[in-house]
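Reader: I am new to this structure. Please show me how to read its features one at a time.

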Amino acid sequence: MAKIGKRTAAAREAFAGKDSLSVEDAVALVKSNATAKFDETVEIAMNLGVDPRHADQMVRGVVGLPNGTGKDVRVAVFARGPKADEATAAGADIVGAEDLMETIQSGKIEFDRCIATPDMMPIVGRLGKILGPRNLMPNPKVGTVTMDVGDAVKAAKGGEVQFKAEKAGVVHAGVGKASFDAAKLAENIRAFVDAVSKAKPAGSKGTYMKKVSLSSSMGPGVSVDIENATGN
C-alpha cells in the first residue's frame, strides 16, 4: 500500500466529516489546504441526473466567469483574410487554415480553445476524431463557430469556460486559482452553477443537481450545499 504523505494526510484530516458546506465555507477550506508549490486550480464537479448518451439529456454550454479563471488560455483560430487578421489582433495564439489543419493532424496541439469561422468548417470537420475527444471541436452552440472571431477570442482569453456533461452525467471545470480572493472564487462558483442550472435539458427527469463538490488540483474534495450554491 502506498505511503500517504504528510501534506495529503493533513488535508484529509482537515476535510474529514465535513460535507454540504456553504460555498464560502467550502472555499475557505479548499484555499487553506491548497499548499502545493504552485498556484492550484480550484475545481468544481457537478453530478447531474442526466444520461448524456440521449440527445435530449445532453448538458452543454458556456459561461463567462466574472473574475476570470486565472489561466492563460491558448486560442487557435481557423480563418482566412480579414477574419484571420481580426483574430490575430484580438490576441489569438495560432491562426491558420489548411496549414493549421496539417499541424493538428501531425499531433501538434498547442492550444486550449479552438474557434472557426463558418466557412472553415469543411476543413475543421476533417479533424473531428482528433479535436472531438479533447472537447476542442468548434461548435456554434458555445460560440466557437462564429464570424465574430475577435469577440470570441477575447471571451476565451477573458475567463469564458465551456462545460459539457460526461458519460456519467458529471460536469467539471476550473473556476479560479487558490490565490484568488475568497469572495471572487465564491462569485465564480455561483456563476458556474447558475449556468449549468439554466442548461437543464428537456429530457432531464427527477433531481437534476445531485451533488456539487469543490477541490483544489492536489487536494481532496468537499461537497457544497446545493441550495446555497444556487442561491435558492
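Predicted model: local features only at pLDDT ≥ 70, side-chain atom pairs only at ≥ 80, totals over all residues.

Author: Residues are numbered from 1 along each chain as its sequence is written, and side-chain values use heavy atoms, with hydrogens and water left out.

Reader: At what angle do the axes of helix α2 and helix α8 cross?

Author: Two packed helices are described by the angle between their axes and the distance between the axes. Here the axes of α2 (residues 23–32) and α8 (residues 182–198) cross at roughly 120° and come within 9 Å. Axes are lines fitted to C-alpha atoms, for helices over the stretch in contact, and angles run from 0 to 180 degrees between N-to-C directions. Helices (H or I, at least four residues) and strands (E, at least two) are DSSP runs, numbered from the N terminus.

Reader: Which residues make the contact of α2 and α8?

Author: From α2 come Val23, Glu24, Val27 and Lys31, and from α8 come Ala182, Leu185, Ala186, Ile189 and Arg190. Contact means heavy atoms within 4.5 Å.

Reader: Is Leu185 buried or exposed?

Author: Leu185 is buried, with a relative accessible area of 1%. Buried means under 20% relative accessible area, exposed over 50%, and partly exposed in between (1.4 Å probe, protein chains only). Leu185 touches residues including Val27, Val42 and Val175, not counting residues up to four places away in sequence. Its C-alpha atom is separated by 9.1 Å from that of Val23, 162 residues apart along the chain.

Reader: In what order do the 4 strands of the open sheet run?

Author: Strands of a sheet pair through backbone hydrogen bonds, either parallel or antiparallel. In this sheet the order is β7-β1-β8-β9, with antiparallel pairing. Two strands pair if DSSP finds at least two bridges between them. Strand β1 (residues 41–48) and β7 pair over 6 bridges, and Glu43 has Gly174 as its bridge partner in β7. Helix α8 lies across β1, β7 and β8 (209–216), at about 155° to β7.

Reader: Where does Gln162 lie?

Author: Gln162 lies in strand β6 (residues 160–164). Gln162 is buried, with a relative accessible area of 17%.
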